[in-house]
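Me: I want to go through the labels attached to this structure and ask what each one rests on. Please set each value against its cut-off.

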Amino acid sequence: MFKNRKYNDIIAFHKNLMLKENGQVYAMFEVPAMNLSRTDEQAKETAKAIQHSAFLELIPYHNGEILTLPMNLDVFSRYQVLSDDLADDTREVAEYMFDGTLDLFAEEMGAPYEYRYFMVIPLKNNFISTNLIKTIKTTFEQLKEQAMG
């Protein structure tokens, strides 16, 4: 069933949890972007304190990662939502401007995107897998690491 997968070893997702083929379970949380003024020192210090506190709470989980992923922006649908609010007497000019802006985006940027940030934290690893050989290899490697460490 999973033999045709080429890009990763993820078997299943449930809400923000993902199960990998070797039995590892990860939680994935989106980290909201924060827009801070360069001159607002208090806001910068508050943001640093929040991040520091979050990282301290994650120490027991080991091996957490922060991923930066580019996500495609559906600019066309956003312009469609904006066009619902256009006045009738300016609709034609506004739609002409929207089309020009979309063409400019496509010409200069290709597909527009925004970066989104995610924390991925390993939760559990029982070495349960759909592949017995991989389970045995993973278990052996983990036991070897523990014995050598």
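Me: Leaving aside neighbours within four places in sequence, which residues is Y26 in contact with?

Reply: This is a predicted model. In it, Y26 is in contact with N16, L17, M18 and K20, and also with V120, I121, P122 and L123. Contact here means heavy atoms within 4.5 Å. Y26 lies in strand β3, residues 24-31.

Me: Why is Y26 called buried?

Reply: The relative accessible area of Y26 is 16%. Buried means under 20%, so Y26 is buried.

Me: How far apart are Y26 and G64 in sequence and in space?

Reply: They are 38 residues apart in sequence. The C-alpha to C-alpha separation is 9.2 Å.

Me: Why does S83 count as buried?

Reply: S83 has 14% relative accessibility. The limit for buried is under 20%, and therefore S83 counts as buried. S83 is placed in helix α2, residues 75-83. Not counting residues up to four places away in sequence, S83 touches R91 and F98.

Me: What makes E107 exposed?

Reply: E107 has a relative accessible area of 67%. Exposed means over 50%, so the label holds for E107. The place of E107 is in helix α3, residues 91-109.

Me: Which residues form the negative surface patch?

Reply: The patch is formed by D99, D103, E107 and E108. A patch residue needs over 30% relative accessible area, and E107 has 67%.

Me: How do you know that R116 and E30 form a salt bridge, and what does the pair tie together?

Reply: Their side chains meet at 2.8 Å, N to O. The cut-off is 4 Å from a side-chain nitrogen of Lys or Arg to a carboxyl oxygen of Asp or Glu, so the pair qualifies at 2.8 Å. R116 lies in strand β5 (residues 113-125) and E30 in strand β3, so the pair ties together parts that are 86 residues apart in sequence.

Me: Why do R116 and E30 count as partly exposed?

Reply: R116 has 28% relative accessibility and E30 has 42%. Partly exposed is the range between under 20% for buried and over 50% for exposed, so R116 and E30 both count as partly exposed.

Me: What separates K44 and E41 along helix α1?

Reply: K44 and E41 are three residues apart in helix α1 (residues 41-58), which means about one helical turn. Their side chains meet in a salt bridge at 3.2 Å, N to O. K44, at 26% relative accessibility, counts as partly exposed, and so does E41, at 47%.

Me: What makes E45 and K48 a salt bridge?

Reply: The closest N and O atoms of E45 and K48 are 3.6 Å apart. The limit is 4 Å, so the pair is a salt bridge. E45 and K48 both lie in helix α1, three residues apart, about one turn of the helix. E45 is partly exposed, at 42% relative accessibility.

Me: How many salt bridges does a search of the whole structure find?

Reply: It finds four salt bridges, among them R116 with E30.

Me: What does the secondary structure of the protein chain come to?

Reply: It comes to four helices and five strands. Along the sequence the pattern is β-β-β-α-β-α-α-β-α. Buried residues make up 17% of the 149 residues.

Technical notes: Residues numbered from 1 in each chain as written. Predicted model: local features only at pLDDT ≥ 70, side-chain atom pairs only at ≥ 80, totals over all residues. Heavy atoms only, no water. Patch = residues over 30% accessible without salt bridge, like charges linked within 9 Å, V, L, I, M, F, W, Y side chains within 5 Å. Areas by Shrake-Rupley, 256 points an atom, 1.4 Å probe, with all protein chains shown as cover. Lys, Arg positive; Asp, Glu negative; His and termini not counted. Charge placed at Lys NZ, Arg CZ, Asp CG, Glu CD. Helix = DSSP H or I, 4+ residues; strand = E, 2+ residues; numbered from the N terminus. Buried < 20%, exposed > 50% of the residue type's maximum accessible area, 1.4 Å probe, protein only.
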